[in-house]
Amino acid sequence: MMFWVVGAAVAVVLFILIYLILPDRDVKEERKKSKESEVDDIPLNKESWVPTIDLKDWTEAGQLEGCPWNFDGLTSVEAVLSCIWKTPVPKELKPGYQAMLDRVKSISVAKIASTKKEVSFCIVYKLRTG
């Protein structure tokens, strides 16, 4: 057993000496240059792992396949808020709902599709303050 441990330690030391310490400086510089010269020509938003986001105004939400909200026939942001918040709003949520009515300027719906074919929808509120 002792010989195996000593042999493994010697092998590790030799590997470190041969691979990491002894190579010429030119080889190290070439490795460094090759890493620096690797340029990724694909923009980040086109990478396969980045989710896709489709953002539509509430008036166009029906164009998003699978959208859980139906705003057909609604004509104002207040009506859309009432639809989203399912009026009548429970007593505990009324202060939050009233704050939304007072502050929301516009509403959008976002469809987010991940690389795993999972789809989520969310509401995006734009406030009057920006």
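Guide: We can begin with a single residue. This is a predicted model, and in it Tyr97 is buried, because its relative accessible area is 11%.

Visitor: Which ring pairs with that of Tyr97?

Guide: In general, a pair of aromatic rings is described by the distance of the centres and the angle of the planes. The structure holds 2 aromatic pairs. Taking the one with Trp58 and Phe71, the ring centres are 6.4 Å apart and the planes stand at 85 degrees, so this pair is edge-to-face. Both residues sit in the loop between E1 and helix H3 (77-85), 13 residues apart, and the pair links distant parts of the chain. As for your residue, the rings of Trp85 and Tyr97 have centres 5.6 Å apart and planes at 50 degrees, so that pair is tilted. Trp85 belongs to helix H3 and Tyr97 to helix H4 (residues 94-103), so the pair ties together parts that are 12 residues apart in sequence.

Visitor: Is Trp58 buried or exposed? And what about Phe71 and Trp85?

Guide: The cut-off for buried is under 20% relative accessible area. Trp58 counts as buried because its relative accessibility is 10%. Phe71, at 6%, is buried as well. Trp85 has a relative accessible area of 23%, so Trp85 is partly exposed.

Visitor: How do I read the sheet, and what is the order of its strands?

Guide: Strands of a sheet pair through backbone hydrogen bonds, either parallel or antiparallel. Here there is an open sheet of 3 strands in the order E1-E2-E3, and the pairing is antiparallel. E1 and E3 are the edge strands, each pairing on one side only. From one strand to the next, the twist averages 25 degrees.

Visitor: How many bridges join E1 and E2, and how many join E2 and E3?

Guide: Strand E1 (residues 52-57) pairs with strand E2 (residues 104-113) over 6 bridges. E2 pairs with strand E3 (residues 119-127) over 9 bridges.

Visitor: What should I look for between E2 and E3?

Guide: Look at the backbone of the hairpin. There are 5 residues between the two strands, and Lys117 takes a positive phi near 65 degrees.

Visitor: Which strands do the helices H3 and H4 meet?

Guide: H3 lies across E2 and E3 and runs at about 50 degrees to E2. H4 packs on the sheet, where it touches E2 and E3, and its direction makes about 105 degrees with that of E2.

Visitor: Can we finish with one strand residue? Which residues does Ser108 touch?

Guide: In a regular strand the side chains alternate between the two faces of the sheet. Ser108 is found in strand E2. With a relative accessible area of 16%, Ser108 is buried. Leaving aside residues up to four places away in sequence, Ser108 touches Leu55, Lys56, Asp57, Trp58, Cys122, Ile123 and Val124. Among these contacts is Trp58, the residue whose ring pairs edge-to-face with that of Phe71.

Note on methods. Residues numbered from 1 in each chain as written. Predicted model: local features only at pLDDT ≥ 70, side-chain atom pairs only at ≥ 80, totals over all residues. Heavy atoms only, no water. Pairing = 2+ DSSP bridges. Helix = DSSP H or I, 4+ residues; strand = E, 2+ residues; numbered from the N terminus. Phe/Tyr/Trp six-rings, centres within 6.5 Å; stacked < 30°, edge-to-face > 60°. Buried < 20%, exposed > 50% of the residue type's maximum accessible area, 1.4 Å probe, protein only. Axes fitted to C-alpha atoms, helices over the stretch in contact; angles between N-to-C directions. Contact = heavy atoms within 4.5 Å.
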